[in-house]
Amino acid sequence: MTAIDVTPTGAAAPEHIPYEPPRQIRWTGTGLLLVFLAVFPLLFPNPAVTSIAVITMIFLVAAIGWNIFSGYSGYISIGHAAYYGIGQYTVALLAMHAKVPAGWDTFGLLPVAGLVCAVAAVPIGYVVLRVRRHTFIILTVAVMFILQLLAFNLVSWTNGSGGLEMSFPTWQGSYFNEPFYYVGLVAAVVACAASWWVRRSKYGLGLLSIRDDEDRARGLGINAARTKLIAYAISAFFVGVAGGLYAPFIGSVYPQFGFDPTFDLAVAVLVFVGGIGTLSGPVIGALLLIPLQQYFYLQFGNANLYLIAYGVLFILILRLLPAGIAPSVTQLWRRVLVARRRAAARSRAVPALAVQSSAVQSSAVQSPAAGPPEAPPATAAVPQAGGDEVAR
Amino acid sequence: MLVLQAIIDGILVGGFYALMAGGLTLVFGVMEIVNFAQGIMVVLGAYLSYALFTHLSIDPFLSLVITMPGMFLIGIAVYWSMIRPIKQDRVIMSLLVMFAVGTIAEGILDLVFTSNLVQISTPYVNNSFTVGSLIFPDIYVYAFLMSVVLLAGVYYLLYRTRFGRSLRASMQNPTAARLVGINTDWVSAYTLGIGVAMAAAGGMVFGLTNSFDAASSYDLISRLLAIVIFGGFGSLSGALIASVLMLVIQDVVAVVWSPTWGQTTFYVILILILLVRPQGLLGRKAVRAQ
Amino acid sequence: MLALAAAACGSSPSSSGTSHGPITIGVSVSLSGDFSGDGLATKQGYETWAAFQNAHGGILGRKIQMDFLSDGSSPTQVVTNYQKLITVNHVNFVLGPYSTLLTKPSSVIANRYGYVMIEAIGGGPSVFQQGLHNVFDVSASAKYQLITFAKWLVATHKPEDVAYASMTDPFLQPMLDGARAYLSAHGFTSVVYKLYPLETTDYTPIASVIAASKAPVVVLGTMPPDGYAFIQDFIQDRYSPKVLIEASGPDQGTAFVKAVGANNTGGIMVPNTWFPGSTYYQNSAMVSLYIKMFGGTANNISADVAEAFSAGQVLTQAVDHIKSTSNSALEHYLHSGAMFQSVQGPVKFLPDGENSAATPFVFQWQHGTLEDVLPAGVGHPVPILAVKPAWGAGG
């Protein structure tokens, strides 16, 4: 079934091994990361570096947002660029028609862009969430392409292929990127908080149970349609904010770069690499992959070598860390802990160890929501990993 | 008359799209893997025929005798090196792995053939004949006939041979197939080989009728996926019907309204169909639980 | 991120302040993605210019060193690239990328750091509507690209039906609309006007609509792939318009001949800012150097090469005149109304950066070569074939 239950946890100690590192380690880690991100532009003020940092922040917000829906519900959307595009057009159109001056005022439009996306997500979600799995994937792509084509065709609104321009702030080049970076960072923190809340709330448990087995979740009385729709709208909100930040940063909006099919692949890939359905996965994925990708581009003047290197690296990650970085690290940490406990237990020579059946252990990892109450929703779980067979 | 002409064009072009999409849907049906690299495989097939034509003057249709077995072997190699090691979550993981394979293939093709657009231009590429006032370009007619023959061949393979039986058994119940002694690994490998070989044939026609480079694969794969979903995952005849429908819809809309709305219309129809039949036109009924 | 930051900082050359090292010139080029074909030609054009100029003493007596970064046709990457070129690599000057789509964001970046952006392949109206003072387009801008053709048609033909089709593109569409507005104002009837998206791969329905209209004049806003496809479809439809002009495709030299067949090229027109046999400034030197560097024949040199080369030429003349590497002095001088020479002809900038001296040429395939036919009186044009020979009637 999954790579997870191959780990030698079968004979683990009866006392609960927590599914993630202890609270103080997590909080210290988060704090250190935040401090590092907060001072990053001071350490590396070079615009070429901060420009990459802004792009990283934009993708970070989008990735966290995408994960709130796709990661937690198990519905993989490859059409969230729909909201990336709506966010971009919202900011550009509002700035133009409401005559919002370029600069800090533009950032005030970000929540509006997010809200517009969340509202747009309701009817769209109502339609696309009626189907599952690959049909859902393709449906989301189809919706995204429809919106892209509309952006091309509704010329009086969008100026078609000519795109929309945004007037640009008069900030100096040496610190032009910093405002975008910090606004992006704030958005990312808010997105993280939202993701954390969803993960820990009763609502989130409902969402996770849909991921594990939608039909059973329905049976348990969860209003699956509404639960999914809410997550879909929250997720659209943050992807819209990411788009709203991108538009003034680049200074123009085009249909093919707003409703960009490669955007979705990029976001999905980095969440998968980081660890889908986990809180930290999108963060790790975005902070690692986006700079790496841009660095590759800068290093390999030859685009074809870049493509080969990126593809090979991607396969290596998938092969070595199939569940993503965050779960793999957690797993490694657990394995160390289990080995240590087992060594301790052996020295105490407690015979009761054999009682623990591996089946129980594996199902606990498999579907965290249905697991023992003391186990918080595990970061180690891979969504629907071979879940079909398990369920039947 | 224009509309009739558009319908005929759509049917003819739809034929070879079915060939490319057929490889994709077959592979999905057997292995539940989404061969995201099918687009670049089509382009690879086009480049191989192009190279054989320009350097050795081998007619593109004849070149299939070389390219199809070659691509068949590539498919098998990709299966053993890339798909076989995937242990979990096959649908999504295979999509990601094949995306990576496609990226690498794109880089290599770009390196070998450069990014200048090329087209296979045989002397007969511009010929056509007329029936009444309807025009039939020779090349599309040849391509359509070839697609029908190849699809029929695959159909025969699936439903009239021992291999086909084990393949369909693997499709319906892999565990049971393994129990009765079918080597599902080799069945899967052959299937991917066949799927990729179909891409080689489709690619040859693509190269004859379009100028292309490695980046052409992105447009292709999104169309092919849409066709496969529309027709129903795993259904060859579904792929054929969906390809023809897609092209006919686009061509007719382009003629009576505007080309810019052709694709939009197709996607809207796709969504409407999927809302009524989530499994696609001819897909298997049971959509597995999430 | 750390490793990247360190590497990005570490890779900056120390030559920025010295005035004896090479003059570095940064360009972001599209070597993959939608513009990869033209992106490569653009890069070769810049390389040819640098090699040529270096063989002739460089600029201000210093060698030229090109600094290329690849952008995958993505505006996100182009923005990062120009910032890296300017702030990390400390290039002395930047030149434009390929396409209007990418020129727009990159000119904003250049402006932010006080850099001039001389560009040759970003002439869509949106580039000049940004209110920037640092953008200079050495080629003819979009809406004027077909004007020579339109004037010729009005002068020599009585009003006729015209069929138009164009890709929805920020350069091609304004180009087509420019011609359509002029022709309609002079009594020509627009019988077909079709726009199609970039993703289109099957052009047969559009072609058959045009064929069915039997319009004697066809004006197409094409890129090379659709440019080839339309001709193929017209031949299959046995429809041979009297006048056929395509925005691009016929300018692609042997690639075009191979795609549509040598016997079918005769009479097809293409507007262009350049041609291999031009007698303009340094053109023959560029052509022979290009062939030496990249092989092939004069006829398969893409116009992108000449456009990029022109941007370099204007930079050379302007910098040699101001005798410094100051971008602000450069900007001031380019705005002064000075006249420059390029392989595409004279260059003189309007306040918004458009080239007011540009004379878009019209070329026509005759007997297997792409001949300069319009405008009369510039260079040595060949007499124009007013009626396109039938398909298969030879080159």
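In this predicted model, the contact between chain B and chain A takes 40 residues from chain B and 47 residues from chain A. On the side of chain B that touches chain A, the elements giving two or more residues are helix 4 (90–113), helix 9 (217–231) and helix 11 (259–276) of chain B. Helix 4 of chain B gives the most to this side, with 15 residues. By class, the side of chain B that touches chain A comprises 27 nonpolar, eight polar and five charged residues.

Chain A itself has 18 helices and two strands. Of the 392 residues in chain A, 57% are buried. Among the contacts in chain A between residues at least 6 apart in sequence, 80% join residues at least 24 apart.

Chain B also touches chain C, in a contact that takes 35 residues from chain C and 30 residues from chain B. Several elements of chain C each supply at least two residues of the side that touches chain B: helix 2, strand 7 (189–196), helix 8 (204–213), helix 9 (224–236) and helix 10 (254–260). Helix 9 of chain C gives the most to that side, with seven residues. By class, the side of chain C that touches chain B has 16 nonpolar, 13 polar and six charged residues.

Attention now turns to the sheet of chain C. Five strands of chain C form an open sheet with parallel pairing, in the order 2-1-3-4-5. Strand 2 (64–70) and strand 5 (135–137) of chain C stand at the edges; each has a single partner strand, so one side of each is left without a neighbour in the sheet. On average, and with direction ignored, neighbouring strands of this sheet are turned by 25 degrees against each other.

Strands of a sheet pair through backbone hydrogen bonds, in either a parallel or an antiparallel manner. Within this sheet, two bridges join strand 3 (residues 93–95) of chain C to strand 4 (residues 117–119) of chain C, and these two strands run parallel. Here L95(C) stands opposite I118(C) in strand 4 of chain C.

Two helices of chain C pack on the sheet. Helix 2 (residues 36–55) of chain C touches strand 1 (23–29), strand 2 and strand 3 of chain C, and its direction makes about 170 degrees with that of strand 2 of chain C. Helix 3 (residues 75–88) of chain C likewise packs on the sheet, touching strand 1, strand 2 and strand 3 of chain C. The direction of helix 3 of chain C makes about 170 degrees with that of strand 1 of chain C.

Technical notes: Residues numbered from 1 in each chain as written. Chains lettered and ligands numbered in written order. Predicted model: local features only at pLDDT ≥ 70, side-chain atom pairs only at ≥ 80, totals over all residues. Pairing = 2+ DSSP bridges. Helix = DSSP H or I, 4+ residues; strand = E, 2+ residues; numbered from the N terminus. Axes fitted to C-alpha atoms, helices over the stretch in contact; angles between N-to-C directions. Contact = placed C-beta atoms within 7 Å. Nonpolar A, V, L, I, M, F, W, Y, C, P; charged D, E, K, R; others polar. Buried ≥ 20, exposed ≤ 12 C-beta atoms within 10 Å, placed from the backbone.
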